[in-house]
Amino acid sequence: MQSQFQGVPTQIAKHDPFTGLWNDSLRVIPCRRDHSYVMWHDDSFTSCLICGFSRWHALMLSAREMSLDMFSNAMQHLRDVNRVDFAGNYPIHFLMTAGVAMDYFFQLYKWPNSSAQNVFGQNPLHVLNPRDLGESLIHFLDWFKTREQPPGLLLTQRDIYGKTPLHTLFQHPLERHLYVKVLKVFPYAEHQLRSLDTSGRPCMQMMYDASLRLKDQNPQDFERMQAGIAEVNGFLSQAAITSTEPPGPKYGFHDIARGARGTSYFGFFQCKICYSGDLHSNSYIDQMKCACANGRDRNAPDESGMTPAHALLTHSRANNNPELTPESPAQIAELLEVLIPRDDPTMREALHVLDPEGHTLVWNAAIRGLDTALAYILSAEEAGRRRAMVNAVGISTTYVDVSHSNTPDPAGGMSSHVPYTHSVPQTTEVSILEAVVIKLRKVREDLKTAEMVGDRRVRRSLATLGNSLLNVRKILIANGAVVAPGPTMKWKIN
Ligand SMILES: [Zn+2]
Ligand SMILES: [Zn+2]
């Protein structure tokens with residue numbers, strides 16, 4: 001069987017096994033093994049044990065070099081080979097990066113497929129290279145619009161960096177006349193263009209950055225991208241003229257998460273979302289429900305790159321009573337439940353978008369001892385994805401004392417012979433479980449000190465935090481967290 005496929009010309013696809021990236025776009029588990037030379041017809045290659053790469057994926061990556069018949073026969077040849085990698089990438093994800101024409105997708109869709117988001121939040125459209133699609137790009141996008149419920153879901157989903165497929169598609173050069181046609185296919189195109197990623201960049205900035213990367217390799221593509229930026233700019237100006245909404249960001253989830261209560265005129269509350277004074281109270285939960293009912297974007301990062309869910313967990317709010325008691329962990333979980341309802345699978349993407357520092361929602365809940373919120377976040381996602389969620393890593397900053405034998409003279413003169421120490425920040429990658437264990441140790445030390453100097457309120461709040469952290473640790477371990485997860489453990493789903 002193998003001999004009939006030998007001598008097939010193969011363009012080498014680009015694999016970065018250290019960052020875990022195919023063709024500069026598709027995220028995979030960084031397995032540190034270069035698979036760019038794997039031939040789909042090499043019967044001796046068995047799937048990678050760390051990232052799950054198989055010959056199906058190698059076939060998709062080389063499809064552009066093959067005739068349709070050969071492509072179709074090859075899939076038949078590989079019928080018993082594993083088709084999904086460990087990060088949740090189906091063959092369609094890999095074929096999207098290959099820059100092939102529409103007919104190849106029709107051949108692939110004769111096989112069972114999935115458009116689900118991988119562990120990095122990418123659905124297949126996030127990695128679409130439109131190179132050979134030409135005019136059929138519009139039909140192609142239209143076709144995907146109806147693949148999932150509600151229609152258009154695949155065209156609006158965000159990956160872990162807050163990017164939608166429109167953001168990523170526009171980082172490829174297109175023929176000038178296609179830009180506006182593409183924008184007409186995407187739901188909420190104007191809103192998507194204005195939406196930011198987790199580093200706070202709008203689509204046009206992403207396009208500009210991508211064009212600079214192309215400048216030296218291909219000046220023609222650079223020109224196309226510049227023309228695209230002009231087209232998008234024109235589209236946005238036109239939209240602004242016809243819009244009835246005032247410009248600028250609207251009052252919504254981010255303001256509520258930061259503790260805003262809306263406007264109060266002479267003691268009377270008027271909601272800044274529905275503009276009514278008597279439909280609901282100014283509590284965070286009522287405002288939150290109102291923002292949901294009025295169709296505010298529940299997962300859009302703000303200028304600082306923070307999504308509403310992260311803002312809820314990382315900002316402290318007080319209750320509306322004379323003592324201004326801080327919100328309890330259960331109250332925070334309740335707000336989260338309104339923002340990301342358990343029974344709404346279309347909101348699951350919001351559980352995975354990172355904060356500007358690269359931390360997950362699970363991390364932000366866990367290290368703050370928000371046990372109820374943590375349990376809710378995990379229960380709102382499918383069981384097969386929970387182990388990866390609790391094994392994400394984050395950055396921990398510790399301060400290390402450095403001793404010097406001489407104290408330098410700030411005026412630049414002779415240093416005095418007085419030893420001194422100063423603290424230096426050190427950042428390290430740590431697992432969520434390890435970060436929680438470190439925090440727990442710190443809380444216990446602080447509690448010991450508080451017992452000696454004896455402030456009862458401080459003691460009580462430290463004891464409560466300690467108990468919550470113990471709960472957090474229990475929840476993490478029950479869902480498969482380990483102190484030092486390897487690459488497969490960190491990202492494998494299903
Ligand atoms: Zn691998
Ligand atoms: Zn309202």
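1. Start with Ala 87, which sits in the loop between helix H2 (68-77) and helix H3 (91-96); helices here are DSSP H or I runs of at least four residues, strands are E runs of at least two, and both are numbered from the N terminus. Bear in mind that this is a predicted model: local features need pLDDT of at least 70, side-chain atom pairs count only at pLDDT 80 or more, and totals for chains, interfaces and linings use all residues. Residues are numbered from 1 along each chain as its sequence is written, while chains are lettered from A and ligands numbered from 1 in the order in which they are written.

2. Is Ala 87 buried or exposed? Ala 87 is buried because 25 other C-beta atoms lie within 10 Å (20 or more means buried, 12 or fewer exposed, in between partly exposed, with C-beta atoms placed from the backbone). Leaving out residues up to four places away in sequence, Ala 87 touches Arg 27, Val 28, Ile 29, Asn 118, Val 119, Phe 120, Trp 491 and Ile 493 (contact means backbone-placed C-beta atoms within 7 Å).

3. The order is S1-S2-S3 in an open sheet of 3 strands with antiparallel pairing (pairing takes at least two DSSP bridges). Strand S1 (15-16) and strand S3 (26-27) are the edges, each pairing on one side only. Asp 16 stands opposite Leu 21 in S2.

4. Then the largest nonpolar core: 112 residues, with Leu 95, Val 362, Ala 366, Leu 374 and Ile 432 having the most contacts inside it (a core joins buried Ala, Val, Leu, Ile, Met, Phe, Trp, Tyr and Cys residues through C-beta atoms within 7 Å). Helix H15 (residues 361-367) gives the most to this core, 6 residues.

Terms used
Two residues are in contact if their C-beta atoms, placed from the backbone, lie within 7 Å.
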